[in-house]
Amino acid sequence: MLNMENFLTYTPVQWTIVINVLTLGYAAMAAGLVYFWLTREQAAPRYRLSSALSAVVMASAVLELFRLAQNWANSFQLTAGVVEAGDAVFANGFRYMNWSIDVPVLLTQILVVLGFQGKRFKGPWVKFTVAGLLMIWTGYIGQFYESAGAAYENVSLAPYWIWGAISTVFFIYIIYLVWKEISRGLQVLPDNGARGMMKAVRWLLIISWCGYVVAYLMPVISFTAWGVVARQVIYTAADIVSKVIYGVMLGRVATLRSQAEGYTFDVVEEASLGRVVPGRR
Ligand code: RET
């Protein structure tokens with residue numbers, strides 16, 4: 001069964017807002033990729049994996065969001081002043097496949113920045129990964145039923161609610177774990193801004209992840225063209241906050257922590273070669 005996007009017609013303005021917002025999405029991820037690559041040495045080697053993980057998230061998101069924007073462009077055609085469904089199918093499922101990579105990686109980043117090692121790392125890592133994948137894949141099944149009732153009159157909306165509810169159980173478990181692990185990790189963070197930043201990360205994660213839930217609910221909130229526009233705007237905002245801004249903040253925690261532990265990053269002029277190289281003191 002198809003996503004609600006396929007059953008509606010759009011004004012040229014609505015269609016354009018969506019393609020523009022989807023483009024902003026992958027442009028922001030490409031910008032993030034450059035940022036995380038260029039700033040990777042600002043943290044001590046021990047915490048540098050955080051930048052690498054952000055870069056992994058960016059690369060997969062650029063590809064997925066680019067594919068999704070093309071999918072939007074190909075799925076509709078302009079006929080007599082309105083944009084209506086064409087031959088291709090528009091599928092938000094691409095997003096869920098991208099989350100299968102990004103959610104475990106984003107959660108792992110917390111453990112890296114908190115400096116957990118050995119069993120202290122592996123225990124929560126396994127829980128984060130398993131719960132994250134189950135949250136996404138159960139929601140993936142549920143979203144196939146989102147147009148039941150509204151577009152498929154004889155199909156029940158029940159599977160949509162049931163799979164959504166199962167997914168929410170895993171979501172609540174993840175939020176509980178995030179809260180618990182960060183609260184424990186806060187004690188080892190220095191008081192030079194790192195601790196405050198990590199507390200902010202906790203809230204940023206919870207609020208931005210709720211955006212994905214609102215997007216899932218959009219077909220029952222408003223099965224309209226403006227509902228589609230709102231959904232793609234919410235997805236994009238949630239993506240930029242939960243991937244890019246989150247990564248920048250965790251990178252900052254890693255840098256502040258590295259500084260408190262005696263690591264400094266400087267740019268030194270190599271006079272003989274006349275070029276600027278990164279150096280460490
Ligand atoms: C679903 C289904 C409905 C119930 C819940 C959901 C939660 C989704 C979340 C997704 C987070 C994605 C992220 C992606 C970053 O790349 C699956 C929509 C609770 C929380 C952070």
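Q: How do the residues of the lining of the largest pocket divide into nonpolar, polar and charged?
A: The model is a predicted one. In the lining of the largest pocket, 14 residues are nonpolar, five are polar and two are charged.

Q: What volume does the largest pocket have?
A: Its volume is about 390 Å³. There are 21 residues lining the largest pocket, and W99, M135, S167, Y212 and V213 are the closest to its centre.

Q: Which elements give two or more residues to that lining?
A: Two or more residues come from each of α3, α4, α5, α6 and α7. The element that gives the most is α5, with six residues.

Q: And the second largest pocket, what is its volume?
A: The second largest pocket has a volume of about 160 Å³. It is lined by 15 residues, and those nearest its centre are Y35, T39, G251, R252 and T255.

Q: Where does the lining of the second largest pocket come from?
A: Two or more residues are given by each of α1, α2 and α7. The largest share is that of α7, which supplies six residues.

Q: Let me change topic. How many helices and strands does the protein have?
A: The protein has seven helices and four strands. Read from the N terminus, the order of elements is α-α-β-β-α-α-α-α-α-β-β.

Q: What does the C-alpha trace span?
A: Along its principal axes, the C-alpha trace spans about 70 × 45 × 25 Å. The accessible surface of the protein comes to about 13100 Å², and 67% of that surface belongs to carbon and sulfur atoms.

Q: How many of the residues count as buried?
A: Of the 281 residues of the protein, 48% count as buried. In soluble globular proteins, nonpolar side chains tend to be buried together.

Q: Which residues have the most contacts inside the largest nonpolar core?
A: They are W72, L107, I110 and M198, in a core of 68 residues. At least two residues of this core come from each of α1 (12-38), α2 (49-75), α3 (93-113), α4 (119-143), α5 (158-186), α6 (194-221) and α7 (225-260). The largest share, twelve residues, is that of α7.

Q: What does L107 touch, leaving aside residues up to four places away in sequence?
A: On that basis, L107 touches F128, I174, V178, L205, W209 and Y246. There is also a second, separate core of five residues, and A43, A44, Y47 and A254 are among them.

Q: Now L22, please. Where is it found?
A: L22 is found in helix α1.

Q: Why does L22 count as buried?
A: L22 counts as buried because its relative accessibility is 1%, and the cut-off for buried is under 20%.

Q: Which residues does L22 touch, again not counting those up to four places away in sequence?
A: L22 touches L68, A69, W72, R95 and Q232.

Q: How far apart are L22 and Q70?
A: They are 48 residues apart in sequence, and their C-alpha atoms are 9.2 Å apart in space. For the protein as a whole, among contacts between residues at least 6 apart in sequence, 77% join residues at least 24 apart.

How values were computed:
Residues numbered from 1 in each chain as written. Predicted model: local features only at pLDDT ≥ 70, side-chain atom pairs only at ≥ 80, totals over all residues. Heavy atoms only, no water. Core = buried A, V, L, I, M, F, W, Y, C linked by side-chain atoms within 4.5 Å. Buried < 20%, exposed > 50% of the residue type's maximum accessible area, 1.4 Å probe, protein only. Contact = heavy atoms within 4.5 Å. 1 Å grid on protein atoms, 1.4 Å probe; cavity = no way out; pocket = protein on both sides within 12 Å on 5 of 7 lines; lining within 4 Å. Points joined across faces, edges and corners; volume = space filled by probe spheres on them. Nonpolar A, V, L, I, M, F, W, Y, C, P; charged D, E, K, R; others polar. Areas by Shrake-Rupley, 256 points an atom, 1.4 Å probe, with all protein chains shown as cover.
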